[in-house]
Amino acid sequence: MINISAVCGMGLGSGLLVKMGIERVLEKNGYTKKEFRVEVADISTARSMNPDIYVTTSEFAKSLRDVEAEVIVVKNLFNESEIEEALIDIFKHIYDNKNNK
């Protein structure tokens with residue numbers, strides 16, 4: 001299971017839309033919800049989470065510089081093409097590493 005944290009300003013309505021976009025991108029690329037989980041967080045909550053991947057904007061990525069997880073930065077959290085381009089290779093790499101152990 002790959003854990004993803006969608007980090008936005010308040011972690012409320014916009015975060016839910018980003019979560020759904022990430023889920024659509026992963027499902028479009030052949031992954032099922034049994035293989036990943038996307039959680040929504042505001043920036044203060046995000047630091048206490050321990051996901052494999054953070055998806056956020058450059059503004060919030062600055063606060064995640066010292067985390068161990070991959071931090072994927074997108075300009076527009078609602079642009080699924082941009083999310084796909086930034087996320088899929090990293091997700092696949094982490095997925096393959098976790099499933100080859």
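Helix α4 (residues 80-99) lies across β1, β2, β3 (53-56) and β4, running at about 165 degrees to β4. Bear in mind as you look around that this is a predicted model.

**The sheet**

Four strands build an open sheet with parallel pairing, and their order is β2-β1-β3-β4. β2 (36-42) and β4 (70-73) are the edge strands; each has a single partner strand, so one side of each has no neighbour in the sheet. On average, neighbouring strands of this sheet are turned by 25 degrees against each other, direction ignored.

Now to strand β1 and its two partners. β1 (residues 2-8) runs parallel to β2, and seven bridges join the two. If you want a spot to check by eye, the bridge partner of Val-7 is Ala-41 in β2. With β3, β1 pairs in the parallel sense over three bridges, and here Ser-5 stands opposite Tyr-54.

How well covered is β1? Seven of its seven residues are buried. Ile-2, Ile-4, Ala-6 and Cys-8 point one way from the strand, while Asn-3, Ser-5 and Val-7 point the other way.

**Salt bridges**

The whole structure holds seven salt bridges.

| Pair | N to O distance |
|---|---|
| Lys-19 and Glu-23 | 3.9 Å |
| Lys-33 and Glu-23 | 3.8 Å |
| Glu-80 and Arg-24 | 2.5 Å |

Lys-19 and Glu-23 are four residues apart in helix α1, so about one helical turn separates them. Lys-19 is partly exposed at 24% relative accessible area, whereas Glu-23 is buried at 13%. Glu-23 also meets Lys-33 in a salt bridge. This pair links distant parts of the chain, with Lys-33 in the loop between α1 and β2 and Glu-23 in helix α1, 10 residues apart. Lys-33 counts as partly exposed, with 48% relative accessibility.

Glu-80 sits in helix α4 and Arg-24 in helix α1, 56 residues apart. Both ends are partly exposed: Glu-80 has 27% relative accessibility and Arg-24 has 39%. Through shared partners, salt bridges join Lys-19, Glu-23 and Lys-33 into one network.

**A nonpolar patch**

Which residues form a nonpolar patch on the surface? They are Leu-16, Leu-17, Met-20 and Phe-78, with about 380 Å² of accessible area together. Leu-16 belongs to helix α1 (residues 13-28) and is partly exposed, with a relative accessible area of 45%.

Definitions and conventions
Residues numbered from 1 in each chain as written. Predicted model: local features only at pLDDT ≥ 70, side-chain atom pairs only at ≥ 80, totals over all residues. Heavy atoms only, no water. Pairing = 2+ DSSP bridges. Axes fitted to C-alpha atoms, helices over the stretch in contact; angles between N-to-C directions. Contact = heavy atoms within 4.5 Å. Patch = residues over 30% accessible without salt bridge, like charges linked within 9 Å, V, L, I, M, F, W, Y side chains within 5 Å. Areas by Shrake-Rupley, 256 points an atom, 1.4 Å probe, with all protein chains shown as cover. Salt bridge = Lys/Arg side-chain N within 4 Å of Asp/Glu carboxyl O. Buried < 20%, exposed > 50% of the residue type's maximum accessible area, 1.4 Å probe, protein only.
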